[in-house]
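Hi,

Here's the structure I said I'd pass on.

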Amino acid sequence: MKKGWPLWLAGTVGVLVPGAVAARDNVYCFQANVLGTLAEFVVAAPTREGARLATDAALDEIARLDCVLSRHRPDSELRRLNLAREMRVSPDLFAVLNQAEDLQKRSGGAFSARMGAIEALWRAADSSPPDAVALRRAVQSAQQQPYLDHANRIVGRPEGLMFSVDALAKGYIVDRALDAARCTVSPNGVLINIGGDLRCHGRAGCQQSWHVGLADARLPYANAPIVARVKLNNQAIATSGRGMRDRIIGGTAYGTTLSPQNGMPVTAHLAASVVAPTTAEADSLATALLVMPPEQGLSLAARCGAQARITQADGKVLTTADWAYLGEGPSPQQLGRTAGLTRTAGLISVADNDRPSLRPSGWVTDWALQVYYEAFIDLGHRASDYRSPYLVMWISDKAGRPVRTLTIVGKDPEYQQDNHIWWTLYGSRAPKIVEVRSGPTSLSGRYPTFWPGFDDSYSAVAPGEYLLNIETSRERGEHTFRSIPVTIGRKAFEYEIKPTADMGAIKLVFGKQP
């Protein structure tokens with residue numbers, strides 16, 4: 001395992017099965033910061049050592065492919081290709097480019113791995129969106145056709161065309177990492193989740209299926225409520241859309257998914273989730289569906305042997321006809337012609353019935369306390385002996401009585417007990433089940449959360465004086481605790497607390513949710 005990406009045990013976990021008792025003794029969960037996000041490795045194996053061996057093999061494969069497919073590493077094979085007019089490439093890079101070109105044709109141009117120049121313009125934008133003329137030129141360059149020699153794995157790159165494979169590469173890496181894990185000691189089951197794109201194989205302990213929750217796409221927070229659940233069997237799921245990686249340009253949030261047709265961020269859909277045989281397929285299809293009209297996108301998913309769920313900008317949810325067979329979630333209703341879509345399109349509209357009301361009595365409509373916590377150390381480049389903090393964030397009343405736990409990072413009860421203040425209050429009710437979540441990629445070490453005025457039982461609480469509590473501990477390190485008074489009323493506020501030597505930066509915002 002590469003020392004640059006330390007691994008820590010997140011605990012023995014249970015996988016949620018309604019009406020059944022989860023097996024815990026032989027299901028292990030490890031976490032690591034890779035590819036700029038958090039990765040989870042859930043392994044069902046006879047021993048912890050066997051589970052660790054499988055996870056180490058997966059991490060080694062992730063490190064290898066990062067050197068091939070990364071647009072961030074100056075020494076990556078992809079970066080070298082973007083400096084050459086013609087180059088013989090590795091089997092991995094050729095496979096990714098070939099799959100991307102195939103999906104570009106099948107999606108009518110909605111998916112593209114030629115967006116490097118367009119993406120660079122948006123990354124460089126600061127006070128305003130990219131210049132319209134420069135953006136138009138970049139779009140024209142991206143429409144050029146590269147040359148792929150399958151017999152010799154030679155790629156020809158027209159002048160001005162820059163490859164960017166992010167929309168497929170993460171899924172491809174998950175697939176190869178899972179293959180590497182399975183080649184170790186034949187674990188009974190493996191699930192690998194990198195930033196919300198995940199694939200599972202085998203059994204989840206004593207259970208046949210892996211259960212994955214989908215967070216509310218309308219809420220860009222780490223603790224957004226689960227609005228749908230799916231059961232996976234040797235399948236993958238990926239979600240693309242708006243979220244914690246949105247770009248803030250001139251005070252306006254822009255999504256990171258760009259349309260190949262005009263180079264602008266897509267706005268019609270908030271999120272697209274796709275279940276497919278491989279993560280590479282799910283990852284790339286989810287991106288394509290964000291760009292396409294819903295009926296065309298869901299039809300494409302069905303033709304590719306996948307199932308999909310789209311959340312539109314107005315909150316309406318559309319799915320492929322067979323999405324309901326994936327398992328849990330709200331009961332779908334067929335769309336009729338009155339909605340402008342025909343049944344022959346295979347669309348289903350889903351109401352998010354299990355989303356709690358976000359309008360507690362006495363609170364200003366659509367207001368919430370938003371908390372942005374960022375770890376004080378760059379988690380992607382820490383020393384090999386550093387262990388990520390076990391973090392708990394919760395709300396209490398001014399007397400210190402617990403109201404609602406917002407975020408828990410690190411699920412092992414043995415180490416969470418070191419967060420002794422929270423544990424004393426919540427130990428008997430500490431979560432016993434870990435749900436793997438699929439959502440747009442999050443940033444490692446950043447924990448945007450929100451509190452819309454509910455306690456742990458989802459009962460509304462009144463405005464007034466409260467405390468935001470943040471507690472951290474490490475397997476080998478110090479314990480930290482901070483309690484911050486907040487006043488919930490009819491007056492908005494925003495302020496920042498600078499990081500210290502032992503506590504990360506905190507930004508508090510009370511007002512209308514974004």
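**What I found**

The protein has an accessible surface of about 21600 Å², and carbon and sulfur atoms make up 50% of that. Those areas come from the Shrake-Rupley method with a 1.4 Å probe, and for residues only the protein chains shown count as cover.

Before you go on: this is a predicted model, where local features need pLDDT of at least 70 and side-chain atom pairs count only at pLDDT 80 or more, while totals for chains, interfaces and linings use all residues. Residues are numbered from 1 along each chain as its sequence is written, and side-chain values use heavy atoms, leaving out hydrogens and water.

There are 514 residues, and 56% of them count as buried (under 20% relative accessible area, with a 1.4 Å probe and protein chains only).

Three strands form an open, antiparallel sheet in the order E4-E6-E5; strands pair if DSSP finds at least two bridges between them. Its edge strands, E4 (86-88) and E5 (147-149), each pair on one side only. From one strand to the next, the twist averages 15°; angles run from 0 to 180 degrees between N-to-C directions, with axes fitted to C-alpha atoms (for helices, over the stretch in contact).

E5 and E6 (residues 154-156) share three bridges, and Asp 149 stands opposite Ile 154 in E6.

Cheers

How values were computed:
Helix = DSSP H or I, 4+ residues; strand = E, 2+ residues; numbered from the N terminus. Buried < 20%, exposed > 50% of the residue type's maximum accessible area, 1.4 Å probe, protein only.
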